[in-house]
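Trainee: I would like to go through this model with you, one question at a time.

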Amino acid sequence: NQSEDEGTRQLKMQQGVARACATLNDLDVASLHVAELEQMLLVNIDQGFPPSAESEQLKACVKNLTPIQESYQGAATDAIENLVGILKPKVRSLVNDAVGSDSSAGSSFMTSTVSKDRTTVRMNYNLDDAAYEMAQLSEGYMTRLCSSLYELIGSLKMHLAPGLADDLVLGVIGSAAKRLEGSLRRCHFTGLGALSLDSDMREFLGFAKESVTSPDFSSNMGMFRACTPIARLLQIAKLLNVDDLEDVVDLISSSKRKGNWDLKLEDAKSFLGLRVEFEGRKVNELLSIEEEGAIN
């Protein structure tokens with residue numbers, strides 16, 4: 001019957017995914033073993049042969065294994081990048097569904113729907129006191145987005161080696177972060193909305209760190225270095241949360257000194273112009289001093 005046909009189709013698809021992931025894992029393991037073999041042979045040459053022209057020639061021969069190791073690793077990396085590319089349309093759809101792909105993202109009041117007796121909030125940061133309180137009591141779009149992304153990458157992660165799984169996760173989350181930034185550019189922000197934005201972006205960062213296994217990404221800075229699109233989202237949130245425009249220069253200067261600032265001047269102007277309390281003219285006047293070297 002139809003349900004059995006659908007179940008068979010799903011099973012075949014899952015088996016195909018598992019086989020494809022197994023091939024990627026084989027490339028990753030082969031790369032690791034070639035690197036280990038090279039190191040083992042080099043150590044044995046040093047321990048088993050006196051220094052001589054012949055031993056150096058042996059080392060040179062062994063080092064020819066490096067391009068082989070790199071080719072295996074490169075093939076696995078390219079395959080993951082291709083997989084991320086295949087998933088991008090789905091990622092865009094998930095982001096659009098979560099934030100609301102129409103102009104409602106920039107509306108002046110909270111856009112919401114009621115599902116299963118609970119209010120569901122879409123992306124909106126132009127919040128007054130009542131809308132901000134409603135946002136705190138409702139299921140935010142970020143929670144739904146993280147849940148959807150988890151479902152998308154979960155079945156793939158379970159079949160991939162940890163390093164490849166992390167590469168896949170970072171690629172998918174980076175793609176989602178870029179889409180989110182585009183949606184933010186169509187919003188307006190009050191001071192309360194900026195606070196809500198900061199909370200949402202921290203939730204997204206937490207989800208990203210929980211989704212990877214390498215300790216290299218367990219810290220905020222580690223994740224920022226690995227995934228610039230996420231770093232940009234947190235920087236946008238920090239920028240929009242300044243209490244006064246006069247604080248912007250110090251914020252950008254200190255962040256640049258720490259190596260944690262990826263927004264260009266035009267990015268900063270664009271996002272500060274979305275804060276409803278800030279005059280566009282004053283934003284441009286303040287940040288024009290960048291051209292005079294005040295922000296470095």
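Mentor: Start with glutamate 38, which lies in helix α1 (residues 2–48). Keep in mind that this is a predicted model.

Trainee: Which side chain of opposite charge is nearest to glutamate 38, and how far away is it?
Mentor: Glutamate 38 is buried, yet it has no salt bridge. A salt bridge needs a nitrogen-to-oxygen pair within 4 Å. The nearest side chain of opposite charge is lysine 63, at 6.8 Å.

Trainee: Which residues does glutamate 38 touch, leaving out those up to four places away in sequence?
Mentor: Contact here means heavy atoms within 4.5 Å. With sequence neighbours up to four places away left out, glutamate 38 touches Val62, Lys63, Leu65 and Thr66.

Trainee: Where is aspartate 200, and which side chain of opposite charge is nearest to it?
Mentor: Aspartate 200 sits in helix α7 (residues 191–211). Aspartate 200 is buried and has no salt bridge. At 9.5 Å, the nearest side chain of opposite charge is arginine 144.

Trainee: With which side chain does the side chain of aspartate 200 make a polar contact?
Mentor: Leaving out residues up to four places away in sequence, aspartate 200 touches Tyr125, Tyr141 and Met142. The polar contact, at 2.7 Å, is with the side chain of tyrosine 125.

Trainee: How far does α7 reach from its first C-alpha to its last?
Mentor: α7 has 21 residues. At 1.5 Å a residue, 30 Å is expected. The model comes close to that, at 31 Å.

Trainee: What covers the buried residues of α7?
Mentor: The buried residues of α7 include Gly193, Leu197, Asp200, Phe204 and Ala208. Their cover includes α4 (129–137), α5 (141–157), α6 (162–184), α8 (220–226) and α9 (228–240).

Trainee: Is phenylalanine 204 buried or exposed?
Mentor: Phenylalanine 204 lies in helix α7. Its relative accessible area is 1%. The cut-off for buried is under 20%. Therefore phenylalanine 204 is buried.

Trainee: How far apart in space are phenylalanine 204 and leucine 234?
Mentor: In sequence, phenylalanine 204 and leucine 234 are 30 residues apart. In space, C-alpha to C-alpha, the distance is 9.4 Å.

Methods: Residues numbered from 1 in each chain as written. Predicted model: local features only at pLDDT ≥ 70, side-chain atom pairs only at ≥ 80, totals over all residues. Heavy atoms only, no water. Helix = DSSP H or I, 4+ residues; strand = E, 2+ residues; numbered from the N terminus. Buried < 20%, exposed > 50% of the residue type's maximum accessible area, 1.4 Å probe, protein only. Lys, Arg positive; Asp, Glu negative; His and termini not counted. Polar contact = N/O pair within 3.5 Å; in protein donor to acceptor, adjacent residues only side chain to side chain. Expected span 1.5 Å × (residues − 1).
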